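Please open the structure in the viewer and follow this short tour of its pockets.

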Amino acid sequence: MTVGKKVAIAVISVLIILLAVGGTLFFLLMQDDSKGRYQEEANTDLIVKAIAAAGTGKEAEITQKELNGFLAYLFEQRQEQRNIQVNSLYFTLGEEQGTAGVYAPFRFYGLEIGITARGNLSFDQEAGTIAIRIDEMKAGRLPVPQGWALSMIKQSLPEGVSIHDNQVLLDTKKIDWHL
């Protein structure tokens, strides 16, 4: 066998391996186990509770359904369409106190990708923010670095939802509470 044939076989072998690895990564990325699982009707029930709590000075307990309905409302209000865009955001409360998950269906140049994250939930009363510190993140079934994924979706969030370090923040002071 000549040297040229050996080089050609080596190059073809490397290309086949790279194609197989790329195909596997793409397959894992496109697997969205949560697709269609979290769909909340847009509503403003949370606003009524917040206004009542502000008027009485008492704490208000907000349910997962109310929070997700309000987030659906915020995303519905956004008019612009982008090539890279978070379509919605859903919080799920974890089994342990203070733990939560986030699911964000994400459009990336026509591809629909489901991003899931797990972390710790907190509320800062003085700052008026609900925060989830991200500990683990996946795009489809593919684990991804939190910083990389969060930087991709940072620009496509509606008013009042932001990202700082490895945290998703819902700033209750920036939300227009008037309907």
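Begin by selecting strand E3 (99-108), E4 and strand E5 (129-139), each of which supplies at least two residues of the lining of the second largest pocket. Strands (E, at least two residues) and helices (H or I, at least four) are DSSP runs, numbered from the N terminus. The model is predicted: local features need pLDDT of at least 70 and side-chain atom pairs count only at pLDDT 80 or more, whereas totals for chains, interfaces and linings use all residues. Residues are numbered from 1 along each chain as its sequence is written, and side-chain values use heavy atoms, with hydrogens and water left out.

Within this selection, E4 gives the most to the lining of the second largest pocket, with 4 residues. A pocket is an open set of points on a 1 Å grid over the protein atoms alone, where a 1.4 Å probe fits, with protein on both sides within 12 Å along at least five of seven lines; lining residues have an atom within 4 Å of a point.

The second largest pocket holds about 280 Å³ of space. Next, select Ser 34, Thr 116, Ala 117, Arg 118 and Lys 138, the closest to its centre of the 18 lining residues.

Now move to the largest pocket, with a volume of about 1,100 Å³. Its lining comprises 31 residues, and Ala 60, Glu 61, Ile 62, Phe 123 and Ile 130 lie nearest its centre. Finally, select helix H2 (45-56), helix H3 (64-77) and strand E4 (111-124), each supplying at least two residues of that lining; H2 gives the most, with 6 residues.

Technical notes:
Points joined across faces, edges and corners; volume = space filled by probe spheres on them.
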